[in-house]
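Hi,

Here is the structure I promised to pass on. Please open it and keep it in view while you read my notes below.

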Amino acid sequence: MTAISPSSQTFRPADVCRALLSALEASEGRRRNRKRDQTPDAIGLAVKREVLERVVEDDPDSEMFEGWLLYYSQKNESKYSLGAVAAMARAVLDEWRLAHSMHDFKAWLDRGAPSDDADAGPAAPRQ
C-alpha cells in the first residue's frame with residue numbers, strides 16, 4: 001500500500017474520530033491517576049466521547065463536517081449543556097483538521113494512539 005500525504009487526502013471524520021476514541025482511553029488513564037477532584041475531567045471526557053461516538057455513528061461527509069458539528073451541537077440532543085457540547089465539537093473539529101495538517105499526529109492515530117497512560121488500570125465508571 002502506498003502512503004499518501006495527509007495534505008493530499010481527506011480522511012473521513014468518522015475514521016479520525018474512531019482513532020480519537022482510542023486516544024480518549026489514554027486520557028481516562030491519566031485522569032484516574034490524578035490526586036485532585038476529577039469530576040470536571042470526567043464530565044469533559046464524557047462530553048467528548050459522546051461527540052466522537054456520534055460522529056462515528058452518523059459518518060458525515062468531510063466537506064460537511066463543520067456544518068454537521070454545528071448542527072449537532074445546536075440541536076442539543078445531549079444530556080450535557082449546549083455550551084459544553086459546542087466547545088467539545090470545536091475541539092473535535094480542531095483535532096480532525098490537525099490530522100490533515102500534521103502527518104505525525106495522523107500517524108500516531110493510525111497506530112492506535114499508543115500511550116503508557118492507557119494501561120493505567122481499569123477505567124473509572126462513566127458519568
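Start with the contacts of Leu24. Setting aside residues up to four places away in sequence, Leu24 touches Leu45, Lys48, Arg49 and Leu52. Keep in mind that this is a predicted model. Leu24 sits in helix H1, which covers residues 13-32. Take Leu52 as one of the partners. Leu24 and Leu52 are 28 residues apart in sequence, yet their C-alpha atoms are 9.7 Å apart in space.

Is Leu24 buried or exposed? Its relative accessible area is 2%. Buried means under 20%, so Leu24 counts as buried.

Now look at how two other helices pack. In general, a packed pair is described by the angle between the axes and the distance between them. Helix H2 spans residues 39-58, and helix H3 spans residues 65-75. They pack at an angle of about 125°, with their axes 12 Å apart. That angle makes H2 oblique to H3. The crossing of H2 and H3 is right-handed.

Which residues meet there? From H2 come Glu50, Val51, Arg54, Val55 and Asp58. From H3 come Phe65, Trp68, Leu69, Tyr72 and Lys75. By class, this contact has six nonpolar, four charged and no polar residues.

Phe65, Trp68, Leu69, Tyr72 and Ser73 are buried in H3. Why do they sit on the same side of H3? They cover an arc of only 125° around the axis, and that puts them on the same side.

Last, check two backbone angles. Most residues other than glycine have a negative phi. Asp59 has a positive phi, near 50°, and is not a glycine. Where is Asp59? Find it in the loop between H2 and H3. Asp59 has a relative accessible area of 34%, so it is partly exposed.

- Leu24 in H1, with its contacts Leu45, Lys48, Arg49 and Leu52.
- The right-handed crossing of H2 and H3.
- Asp59 in the loop between H2 and H3.

Best wishes

Conventions:
Residues are numbered from 1 along each chain as its sequence is written. This is a predicted model: local features need pLDDT of at least 70, side-chain atom pairs count only at pLDDT 80 or more; totals for chains, interfaces and linings use all residues. Side-chain values use heavy atoms; hydrogens and water are left out. Axes are lines fitted to C-alpha atoms, for helices over the stretch in contact, and angles run from 0 to 180 degrees between N-to-C directions. Helices (H or I, at least four residues) and strands (E, at least two) are DSSP runs, numbered from the N terminus. Angles under 35 degrees count as roughly parallel, over 145 as roughly antiparallel, 65 to 115 as roughly perpendicular and the rest as oblique. A crossing is left-handed if the near helix is turned anticlockwise from the far one by less than a right angle, and right-handed if clockwise. Contact means heavy atoms within 4.5 Å. Ala, Val, Leu, Ile, Met, Phe, Trp, Tyr, Cys and Pro count as nonpolar, Asp, Glu, Lys and Arg as charged, and the others, Gly among them, as polar. Buried means under 20% relative accessible area, exposed over 50%, partly exposed in between (1.4 Å probe, protein chains only). The arc is that of the directions from the helix axis to the C-beta atoms.
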